[in-house]
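Colleague: Can you walk me through this model? I would like to start with the overall picture and then go residue by residue.

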Amino acid sequence: MHHIVFWRHHGETKIDNLVLLCTRHHRLIHHGEWKVRITQDGLPEFSPPAYLDPTGTPRRNTMHLRT
């Protein structure tokens, strides 16, 4: 699990502040320039670093859509 607002920055361990990531993607968020946020529909959105996408267009996992 990954805290959107890190626990060391007083982020709470609540479902609206957590996203489930595999080890590889968890490391990318912590040690890379990717950003993650929870959108209004409750799903995570990932913004790539400028060197990958200068527009910073957010990306979503569309494999598992909430019904």
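Modeller: Here is a short tour, from the whole chain down to single residues. Keep in mind that this is a predicted model.

Colleague: How many helices and strands does the protein chain have?

Modeller: The chain contains 1 helix and 4 strands. Going along the sequence, they come in the pattern β-β-α-β-β.

Colleague: And how does the radius of gyration sit against the globule rule?

Modeller: The radius of gyration is 12 Å, close to the 11 Å that the globule rule gives for 67 residues, so the chain is as compact as a globular protein of that length. Along the principal axes, the C-alpha atoms fill a box of roughly 35 × 30 × 20 Å.

Colleague: What percentage of the residues count as buried?

Modeller: Of the 67 residues, 27% count as buried. The accessible surface of the chain is about 5600 Å², and carbon and sulfur atoms account for 57% of that surface.

Colleague: Which residues form the largest nonpolar core?

Modeller: That core has 7 residues: Ile4, Val19, Leu21, Ile29, Trp34, Val36 and Phe46.

Colleague: What does arginine 59 touch?

Modeller: Leaving out residues up to four places away, arginine 59 touches Trp34, Pro44, Glu45, Phe46, Pro48 and Asp53.

Colleague: Is glutamate 45 buried or exposed?

Modeller: Glutamate 45 is buried, because its relative accessible area is 13% and buried means under 20%. Glutamate 45 has its place in strand S4. Beyond its neighbours within four places, glutamate 45 is in contact with Lys35, Val36, Arg37, Thr39, Pro58, Arg59 and Arg60.

Colleague: While we are on charges, how far apart are the mean positions of the positive and negative ones?

Modeller: They are 5 Å apart, for 9 positive and 6 negative charges.

Colleague: New topic, the helix. Where is histidine 26 found?

Modeller: Histidine 26 is in helix H1, residues 23-31. With a relative accessible area of 24%, histidine 26 is partly exposed.

Colleague: Which residues is histidine 26 in contact with, leaving aside neighbours within four places?

Modeller: Histidine 26 is in contact with Met1, His2 and Leu21. Histidine 2 is 24 residues from histidine 26 along the chain, and the two C-alpha atoms are separated by 6.8 Å.

Colleague: What about contacts of that sequence range in the whole chain? What share join residues at least 24 apart?

Modeller: Among contacts between residues at least 6 apart in sequence, 19% join residues at least 24 apart.

Colleague: Now the loops. What is the phi of histidine 10?

Modeller: Histidine 10 has a positive phi of about 75°, although it is not a glycine. Most residues other than glycine have a negative phi. Histidine 10 lies in the loop between strand S1 (2-3) and strand S2 (18-19), and it is exposed, with a relative accessible area of 74%.

Colleague: And leucine 20, buried or exposed?

Modeller: Leucine 20 is exposed, with a relative accessible area of 67%. Leucine 20 lies in the loop between S2 and H1. Its C-alpha is 4.6 Å from that of methionine 1, which is 19 residues away in sequence.

Colleague: Last one. Where does glutamate 33 lie?

Modeller: Glutamate 33 lies in the loop between H1 and strand S3 (35-38). Leaving aside neighbours within four places, glutamate 33 is in contact with Leu28, Ser47, Pro49 and Tyr51. Tyrosine 51 is 18 residues from glutamate 33 along the chain, with 9.3 Å between their C-alpha atoms.

Conventions:
Residues numbered from 1 in each chain as written. Predicted model: local features only at pLDDT ≥ 70, side-chain atom pairs only at ≥ 80, totals over all residues. Heavy atoms only, no water. Helix = DSSP H or I, 4+ residues; strand = E, 2+ residues; numbered from the N terminus. Rg over C-alpha atoms; globule rule 2.2 N^0.38 Å. Buried < 20%, exposed > 50% of the residue type's maximum accessible area, 1.4 Å probe, protein only. Contact = heavy atoms within 4.5 Å. Areas by Shrake-Rupley, 256 points an atom, 1.4 Å probe, with all protein chains shown as cover. Lys, Arg positive; Asp, Glu negative; His and termini not counted. Charge placed at Lys NZ, Arg CZ, Asp CG, Glu CD. Core = buried A, V, L, I, M, F, W, Y, C linked by side-chain atoms within 4.5 Å.
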